[in-house]
Amino acid sequence: MKKTLYFATILALVSTACSDSILNKIDTNPNIISDAPLNTLLPAAQMTTFQRVVSPVSILSGYTSEHTNFTGVNTATKLQVGGGGTIWNNGFLAIRYFNDVRDKADKLQRPGYSAIADIMSAYTLSLLVDVFGDIPYKEASREDIIQPNFDKAQDLYAEMQKLLDSGIQKCDQASAATSRPANDDLVFKGNMTLWKKTAWALKARLHNRLSNVSAQESANQAILAINNAFAPTENFTVSAYQSNPENANPIANNFMNAATIVIADGIVTAMKSFLEPNEEVIADPRANIWFTKIGNKVVTPPTSRGNTDVTLNGTLYSKPLYLQNRPSPLPLLTYPELKFIEAEAQLRLGDKTKAYDAYQTAVRSAMSQAAIFNAAATLTSTQIDSYLARPKVLMGADKLTLKDIINQKYIFLFIFQSQEAYNDVRRTGLISLNDPDGTAKRLPYPVDEISRNANAPQVSDQNTVYQDNARLFWAKL
Amino acid sequence: MDDFFGVGSTFNNNLEIAQGGSFGNYAIGIGRTDQTGVIDKTGLQRTNVKFNGMMTPFTKFKIGFSLNYADINVDDFPDEAGNVAFFRTVYETPASYNLKGKPFATATNPYQQILFRAAQNNPYWILENNFRNSRTSRTYGNLFLEYQLAKGLKATYRVGLDNFNTKLERYDELGTGPTGRTTPPSGGQFVLQNQQESQLNSNFFLSYDTNITPDLVLNAIVGNELFDIRRANSSTNSSNLVSGDWPSIANGTTITSSNSKNAQRVVGFYGNLNLGFKEMLYLNLSARKDYASNLPSGNRSFLYPSAGLSFVLTEAVPSLQNLFTFAKLRANYAEVGQLGQLFVNGVGYSAANPGYQFPLNGVAGFLPSSTSISPTLRPENTRSVEFGTELRFLKNRISFDYTYFRSLSDGQIFGIPLPPSTGFSSQVNNAGKMLSRGHEVMVRITPLKNPNFNWDLNINFSKYKTTIEELPGGLSRIELSNASGAVRLVAEKGQVYPSFFGSTYQLDPASGQRVMNSTNGFPLVNPVSQILGTPNPDFEFNFINSLRYKSFQLGFQIDWRKGGLFFSQLQAESRTRGLSVETLDRDQQKVIPGKKGRFVNSNLVIEGDNDIAIYKTNPYWAAVNTITAANLDDASFVRLREVNFSYDLPTTVFKKIGLSGASVFLTGRNLFLITKTFVDPELNMTNTLSGASTGNSVGIEWYQQPQTRSLGGGIRLKF
């Protein structure tokens, strides 16, 4: 009897030790929560785009647009363009996060969050499409499809406009304070008017990108969008940065840790094109606050063939000073860019007066924004005025060419916005470049994607993207 | 390099006292190990005490108890992976330049390093300023009860506990890259981690032994086992230090903390039956059913049986003893179930750091997990069949063992890396079918045997092949590891597991020759990545000799491995930096034999024989290193693995001083190696790349610390 009792006790203990409910409890991961509120998801998703997508796109585009040159090991840009894996991986993560924000916001009827998800998705998608060309989107960022199909870049341009239209509509629905974010929106702190203007500004940029596809239509649509976008003091800019490396402007932080970026010939040539033939680049007042000097001069490496120089101020070559400031705001789409787009669009439509008006405003506002990266850097109004008085800068409505607009815009975009300069380089072919390997038409697909996705184009390495058939549908170069 | 790595040493001291008697028996022991590493300031100290005892309080009942305590202190180096590895400068400084003895910090600021190469820490400065220390206290032991229920029937219960705590402190001094810059010194970090783990293992079984008939012996066991493991981890990281030389949390300007916990339980029920007939025929049958916490609810139990039969030929047909001393044939069938990783029931959101530290100013950042877990997850099952013989000839002077095995593993649970475009990094799923088969041969020969001289020779041979038969969900390839994009290991349907995957030289389809880029004369890369071979060898041999002449004994082992490939990142770096012997011809202009050509819109255009003279300097090697195949070499080797020599002192000597035996010995390991690879091809046969990635990374070297050659000696005294 006693023995039977012992056995029964043991058996009872043993069978409860492996019951489904006890094992479920043991397998519940205590390190995660099953659901997270929107006000924690949105800021983390936004920062995924800014820190992990914008930053590497901008740095790589610096080399491909010849704003800058890499001077770590292997200085050839051709050897750097294969490094787009971070952009790709985080771009699709960010899109997945914004899909999540949108789904939750729609369920909770909070259109403000949903609007930002749409606009940020479109922005992130545009970064990916413009550097990679055809990419997965319709089947991407979903748990149920493990080998997504690739979509044509041209179709994705239509998709981005749709997302922006939807975002604009939702901005109007977000009138109640509870329907939109506050401090958890790290860009505009829940100001839906500015998000709406950002959507219009992005629409303008994307319409104008199709200047080679449909000259008239792209110009008309761009001007229409600009009319709904930013006022002179408004910009799509991230200002949430601090001086500690963990919360720093990512591009500046990268430079402060490695300092592998130097000034390249492209920016110097563009600046010089507005100066007199006997003048050094330093005559452009921006050169003084943007570049370090080696023995009072701005020195650039032979493009793509420099030596290693990873000192902060440069021992061989001049370094970009704007990268030495970790708290620096990160501009993503600003008023001067819209004015440059307007000038270009008006010129395309044949209205030289309107084009010149917009160009003047663009250059003036670009000059006034030239020192935003650091409180210590300033341009006085005298310096700005004397630059604008140069005959090659403000040449008169009749003499204004597309090349002038694109060159001034290219100079303006030097501060943290090389990604847009790289787009202009390829779209217009008007920037003077001298990389002996030529210009990359796009970035190669990362091998992680090719080796894991049977639906990805299997041919891709850094050489293939220098060939003509790698050109994007909107590009000339 | 020789100056940086020094000579390590190990001292072991152990004392053990054991006694037995009518009360039972016990043993107590105390041990101490002091070890210093080949790198200055590294080492290990271990102290342990133990008690072991067994009592028989009354007949039919036995109790046993054992308890061990160990205190382990380890000082080593918090090395970083890949490009910021602290020791890269050691490997990548030209042999003509000796860093040792040169100043490693500026005269005015001890935290401002003098670097040999920008962005690579000075290893001597690291040795002086940085440290990692871990201290573990571990207690483990078990309780044992045995009760004789009836004749041949026993109940046994054993419960074991293993509990350890580790405190880890890591300090990266102000001015350590990549936590900050060294000019002027910034960054630095102090990391404090506590890890706690407890394991419980409980095992209860009934066993029954009987002779059914005088010729038929039966042994049966039924039992239950429970295994439960709990871990808890907490970590505090204090970075961007205010001041140098102050390893304290208070020193940092950015302080972050995290903690994690995990748990797993497996409960199993098992039975085993052995039948033996006349020492001639043996049958074994077993079955086990496990319930595991880390499988989806409703799908968490699995059963696996096994069966084995062996037949001693020389017992059944005694006339065969003219030919064989002993001959046995055996066959086995077994299934084994296996589990995957922890926590499969639910994914969720966790605190995120997307390159921006949250929480900040009251805003927290959470993101969903990047791992997807398949809802159809089931336990892995491996079915294997084995056939073997054991033959002995000439009064055991020659013996021969042969085994053939074939095993099919179905649905291995694996974190399948997903295309990044899915927005997920991996999916935990059952990963297809994998077939493994191979041969193992063991030959033991005693060529010489007489009272003064004896020679034993053991030869082991193994050869196996593993191929991928099937992959899940329409996948054609699963990536197993990725060494910073330079080389990958993959499982591809129809291919050997694992296979190297990467880029290779572009060949001219007409002549089969390599094609050089017609714009610069460097090798052209084939734009389509492909399978490049496997790290697995064709076969392996071990030759183990032991010779004895009177009181002298000599033993040595030679290993021969044929085939397989090995990827060396150190070779790639030494090429681009002009440090390897291959780069000595860099001042001579050369034309690389082959064709020249280029790609025009993805079509290869051959433009005749290559006639472009180039210098093989950095740009050439940089171009070569984009080709994975360029750093994959034949991993065959012959190695003198071990030599040992000993001498037994004559009894006349030690009897006088009260000893019952004494000997002196010398041992040596890794004394020589013949191979074609740039570094020791066994350097990374482990499962993790040095931080570059995780997973299976066999055959890939990524800045590992070298294997050591060791020499030792000692005296053995018996009282």
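Strand pairing and the A–B contact

Me: Which residue of β27(B) stands opposite B:Ser462?

Reply: B:Ser462 stands opposite B:Glu540 in β27(B). This is a predicted model, where local features need pLDDT of at least 70, side-chain atom pairs count only at pLDDT 80 or more, and totals for chains, interfaces and linings use all residues. Residues are numbered from 1 along each chain as its sequence is written, while chains are lettered from A and ligands numbered from 1 in the order in which they are written.

Me: How many bridges join strand β21 of chain B to strand β27 of chain B?

Reply: In a regular strand the side chains alternate between the two faces of the sheet. Strands here are DSSP runs (E, at least two residues), as are helices (H or I, at least four), numbered from the N terminus; two strands pair if DSSP finds at least two bridges between them. Antiparallel β21(B) (453-470) and β27(B) (539-549) are joined by 10 bridges. β27(B) also pairs with β28(B) (552-562), antiparallel over 11 bridges, with B:Leu547 opposite B:Leu554. Two residues lie between the strands of that hairpin, where B:Lys550 has a positive phi near 50 degrees.

Me: How many residues of chain A are in contact with chain B?

Reply: The size of an interface is often given as the accessible area lost when the parts come together. Counted by contacts (C-beta atoms, placed from the backbone, within 7 Å), 76 residues of chain A meet 73 of chain B. Elements giving two or more residues to the chain A side include α1 (2-17), α3 (38-64) and α5 (85-107). α5(A) gives the most, nine residues.

Me: What are the spans of chain A along its principal axes?

Reply: The C-alpha trace spans about 110 × 50 × 45 Å. Chain A has 18 helices and four strands.

Key:
Two residues are in contact if their C-beta atoms, placed from the backbone, lie within 7 Å.
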